[in-house]
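Biologist: I'm new to this one, so please pick a single part and take me in close. After that, walk me through what is packed elsewhere, in plain words.

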Amino acid sequence: MKLSEFWPSSLFEDKTVFVTGGGSGINLGIARSFAALGARVGICGRTAEKLEAAAGELEALGADVTIAVADVRDFDALAAAFEKTREELGPIDCLVCGAAGNFLSPAEALSPNGFKSVVDIDLLGSFNSARAAFDHLRETKGSIIFISAGQAFTPYYGQVHAGAAKAGIDNLMRNLALEWGRFGIRSNSIAPGPIEGTEGFRRLAPASVADQLKASIPIGRFGSVEDIGQAAVFLASPMASFITGSLLVVDGGQNLPGSGVYSQVIMKAMSTK
Ligand code: COA
């Protein structure tokens, strides 16, 4: 689907969008959606090679791109990445807090450091990003999009760490909507369902059970990175200028009946490993 058939191709002209974890997966898909609609794009991540390859893709869509190696757990590295972006592309108009880490682990097998690592990347990383971007967003009256998950509001087997982190992110999102509205800053979350072709999908939907998981999704298919990119474009656009403090669930209805099917299928797959 060509986004510019549905949205004006100049929608984000003269706007700068920064996507943490933008080197791959859902986050790169989001970056591509903005690039296709005229945005300048900054991305950060932990691996220079991934970022360079992603920058090539975004530039091929016509975007000016800044890349920065920065781990979202490191506030100073993020602040430096945002300043580099300001120098090269201008202040950030939209921040997408996408960097995340996840794996399947039953709670009783998870070490405190395993739990902490995911909470640090997802939750602390999201706060660090929003906090480090505050001066930019105040200047541009910009918006923040957090990447949440169904695990934030439904318990999933093997996801105690990610569930706690994502629930925290949604609470952070609402607090920032409340506190930063007065600066003209909007704050919202997207909760993607299973998105095919991503690292998260490979980790959370093993091939051996993918068909069973797909059958449990009311809309009858897995999502694509474009599904999430379109939601992000909408939330960042002037069409959403009165929307703040909202969680947009983009999951084909996966979470409507709860996580029963997923949890049973995954529990069985893990116990037969
Ligand atoms: N099951 C259980 N525990 C695990 C695990 C797994 N599959 N993978 C890592 N851990 C534990 C480690 O054992 C370690 O705990 P310990 O010190 O008690 O042994 C802790 O998590 C940290 O692991 P480490 O590899 O040092 O952390 P990291 O900061 O380098 O990596 C992760 C963070 C663990 C989240 C890693 O999976 C990652 O980098 N993920 C990024 C990509 C990703 O997950 N994408 C999908 C997002 S949806």
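Modeller: Let's start at the ligand, which has 15 residues around it, with Arg 46, Arg 73, Asn 102, Ser 111 and Asn 113 as the closest. Here a residue counts as near if one of its heavy atoms lies within 4 Å. Keep in mind that this is a predicted model, so local features need pLDDT of at least 70 and side-chain atom pairs count only at pLDDT 80 or more, while totals for chains, interfaces and linings use all residues. Residues are numbered from 1 along each chain as its sequence is written, and side-chain values use heavy atoms, with hydrogens and water left out.

Now for the ligand's oxygen atoms. Arg 73 puts a polar side-chain atom 2.8 Å from one of the ligand's oxygen atoms, and a polar side-chain atom of Asn 113 sits 2.9 Å from a ligand oxygen. Asn 102 uses its backbone instead: an N or O atom there is 2.8 Å from an oxygen atom of the ligand. For a pair like these, the polar-contact cut-off is N or O atoms within 3.5 Å.

Axes are lines fitted to C-alpha atoms over the stretch in contact, and angles between N-to-C directions run from 0 to 180 degrees. From α3, Phe 75, Leu 78, Ala 79 and Phe 82 make the contact, and from α4 it's Gly 125, Asn 128, Ser 129, Arg 131 and Ala 132. Contact means heavy atoms within 4.5 Å. By class, that's five nonpolar, three polar and one charged; Ala, Val, Leu, Ile, Met, Phe, Trp, Tyr, Cys and Pro count as nonpolar, Asp, Glu, Lys and Arg as charged, and the others, Gly among them, as polar.

Helix α4 packs against helix α6 (residues 160–180) too, at an angle of about 15 degrees and with the axes 8 Å apart. That makes the pair roughly parallel, and α4 passes α6 in a right-handed crossing. Among the α4 residues here are Phe 115, Val 118 and Asp 122, meeting α6 residues that include Ile 169, Leu 172 and Trp 180. This contact has 14 nonpolar, three polar and three charged residues.

For another pair, look at helix α1 (residues 25–36) and helix α2 (residues 48–60), packed at about 25 degrees with axes 9 Å apart. That makes α1 roughly parallel to α2. Leu 28, Ala 31, Arg 32 and Ala 35 of α1 meet Ala 54, Glu 57 and Leu 58 of α2, a set of five nonpolar, no polar and two charged.

Technical notes: Helices (H or I, at least four residues) and strands (E, at least two) are DSSP runs, numbered from the N terminus. Angles under 35 degrees count as roughly parallel, over 145 as roughly antiparallel, 65 to 115 as roughly perpendicular and the rest as oblique. A polar contact is a pair of N or O atoms within 3.5 Å; within protein, one must be able to donate a hydrogen and the other to accept it, and residues adjacent in sequence count only if both atoms are side-chain atoms. A crossing is left-handed if the near helix is turned anticlockwise from the far one by less than a right angle, and right-handed if clockwise.
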